[in-house]
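The sequence and structure are shown first.

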Amino acid sequence: MEYFTSSPLFMPLVKLVGEYLGSEDWMHQLFHRTYLPAHYALPDPPVSAAACLFALPPHDDVDRVSRLPDTLLHNIVSRLPVKDAARTSALSRRWCGVWRSAPLVLVDADLFPATSAVSSVLAAHPGPIRCVHLNGCYMDEFPALLTGWLQILADKGIQELVLVNRRWPLDVTLPDTFLGMATLTRLYLGPWKFPDTAGLPSATCFRNLCELGLCNVIMESRDLDFVLDRSPVLETLCLEGNLFRLCLRLVSQSLRCVQIIVCFLEEIFVVNAPRLERLIQSEGCTPNGTCTKVKIGHAPKLHLLGYLELDQRHILEVGNTIIKAGTGVSPSTMVPSVGILALEVRFEVRNDSKMVPDVLRCFPNVETLHIKSGKTDQSTGKLNLKSWHESGTIECIRSRIKLLVFHDFRGGRGELAFLKFFFESALVLQEAVIVFAAAPSSIEEVQSKLDILGSMKRASETSIVLLTTRSDPQGGYIWSFKIGSGFSPADPFENY
């Protein structure tokens with residue numbers, strides 16, 4: 001952290017962009033949260049620094065490992081740090097060619113000095129290359145070597161690449177050599193400035209790319225459109241820490257999961273994504289006076305959606321209708337496929353609360369509802385129980401929702417009014433989990449909350465009210481690309 005924030009360029013850049021977007025304070029927080037290395041955004045390397053290889057197990061004089069077939073030996077070597085994997089050639093005649101004939105796995109964190117060692121390894125190994133993680137090179141010569149490295153990786157059939165720029169400035173343009181890596185199946189980049197795709201050949205194609213992560217990458221909307229359009233089997237798209245204005249248009253026959261963390265997007269438009277199952281957004285970054293439009297077009301398999309922030313940071317549009325308080329429900333404003341929905345609501349702000357009924361009516365088949373109670377410094381009126389009942393029947397609450405998870409519960413009147421309405425209306429509710437925003441200060445506080453919630457009238461005899469504190473204060477599940485896009489657990493919002 002000190003490396004970035006002590007740079008003479010850091011504060012002037014924060015001030016300049018902060019003035020442009022209206023809040024220097026907001027920009028300072030954003031830089032700390034996005035442009036510093038984000039371990040949760042990058043996939044784990046496939047090797048372990050603690051891995052050890054013994055040709056002769058303890059108390060055994062028979063070399064059984066060396067008798068294994070080549071395919072298993074290749075598998076063993078690929079799980080070792082590259083320096084140890086290369087040393088296996090000295091074990092015996094049997095091992096002499098194993099490392100060079102196994103697909104290369106290279107993690108620069110296992111090497112020192114990293115830049116010269118990476119060059120040596122890439123020159124020594126004939127390929128193919130299964131996986132390369134270059135995320136620890138701080139040397140000044142790294143950018144100059146990178147073009148050559150990328151060409152070698154392309155020539156030797158790289159499958160998985162994680163490429164991180166750790167040097168200031170962070171807007172170094174990434175060499176466009178990687179755009180020719182047709183064998184890539186997984187690609188994670190950041191922080192870089194994406195190369196201009198305007199003049200690239202139309203034949204450029206990531207025909208094998210299944211997973212793409214862009215972490216703190218500066219790019220234009222047309223460049224992201226270019227990549228998505230030329231990735232015919234892409235299933236997972238992860239965006240983290242995008243700083244500049246970007247419109248995300250999802251037109252893909254293959255995408256199944258899109259996860260967005262701490263990004264400033266003008267629009268998220270699901271145009272045509274027939275296989276999309278998950279659209280996850282957490283910790284949206286929108287400066288004062290701006291918002292992100294979330295527009296749902298053709299997504300017949302969309303099952304999981306959230307967080308939709310009903311605090312003026314998100315505008316929901318279904319079909320061609322912007323959903324507002326009082327919007328009439330119709331088939332064209334419904335997304336019947338969604339079964340898991342997550343909303344963030346400031347219950348102490350009347351206009352935010354009034355959005356909830358109309359938004360829920362857009363998702364008539366929701367069975368799991370996550371509500372995160374947003375903080376506000378100023379209450380502008382709240383809906384009481386009578387106001388909630390006057391909003392009318394909400395079909396998914398009445399006959400669909402089986403699990404309610406209420407996150408960041410503080411016990412405010414607006415929160416309690418909503419919960420009373422919910423419990424009185426939910427006929428099939430099986431379980432309600434109430435997660436405190438902070439650990440209760442005393443047993444008496446817990447008891448008072450239990451008394452209030454326990455006394456609420458409930459329409460379903462089988463509903464259970466549980467109270468707990470958050471198991472992960474950092475919200476790690478929804479911040480993790482691996483968990484959010486891995487389809488396990490089935491509900492990544494279920495962090496309690």
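A crossing of two helices is left-handed if the near helix is turned anticlockwise from the far one by less than a right angle, and right-handed if clockwise. The model under discussion is predicted, so that local features need pLDDT of at least 70 and side-chain atom pairs count only at pLDDT 80 or more, while totals for chains, interfaces and linings use all residues. Residues are numbered from 1 along each chain as its sequence is written, and side-chain values use heavy atoms, with hydrogens and water left out.

**Packing of H7 and H8**

The crossing of H7 and H8 is left-handed. Helix H7 (residues 114-124) packs against helix H8 (residues 142-155) at an angle of about 20°, and their axes are 11 Å apart. The two helices are therefore roughly parallel (angles under 35 degrees). Contact (heavy atoms within 4.5 Å) involves Thr 115, Val 118, Ser 119 and Leu 122 of H7, together with Phe 142, Leu 145, Trp 149, Ile 152 and Leu 153 of H8. By class, this contact has 7 nonpolar, 2 polar and no charged residues.

**Helix H10**

Of the 12 residues of helix H10 (residues 350-361), 9 are buried, so the helix is largely enclosed by the rest of the structure. Here buried means under 20% relative accessible area, exposed over 50%, and partly exposed in between, with a 1.4 Å probe and protein chains only. Among the buried residues are Met 355, Val 356 and Leu 360. The buried residues pack against strands S13 (314-318), S15 (340-345) and S16 (368-373), and against helices H11 (385-390), H12 (395-399) and H13 (413-425).

**Salt bridges**

A salt bridge requires a side-chain nitrogen of Lys or Arg within 4 Å of a carboxyl oxygen of Asp or Glu. The count by this rule is 14. The table presents examples.

| Pair | Closest N and O atoms |
|---|---|
| Arg 87 and Asp 84 | 3.2 Å |
| Arg 186 and Glu 160 | 3.9 Å |

Arg 87 and Asp 84 are 3 residues apart in helix H5 (residues 82-87), a separation of about one helical turn. Arg 87 is exposed, at 55% relative accessible area, whereas Asp 84 is partly exposed, at 24%.

Arg 186 forms its salt bridge with Glu 160. Arg 186 lies in strand S4 (residues 186-190) and Glu 160 in strand S3 (residues 160-164), so the pair ties together parts that are 26 residues apart in sequence. Both partners are partly exposed: Arg 186 has a relative accessible area of 22%, and Glu 160 has 21%.

Technical notes:
Helices (H or I, at least four residues) and strands (E, at least two) are DSSP runs, numbered from the N terminus. Axes are lines fitted to C-alpha atoms, for helices over the stretch in contact, and angles run from 0 to 180 degrees between N-to-C directions. Angles under 35 degrees count as roughly parallel, over 145 as roughly antiparallel, 65 to 115 as roughly perpendicular and the rest as oblique. Ala, Val, Leu, Ile, Met, Phe, Trp, Tyr, Cys and Pro count as nonpolar, Asp, Glu, Lys and Arg as charged, and the others, Gly among them, as polar.
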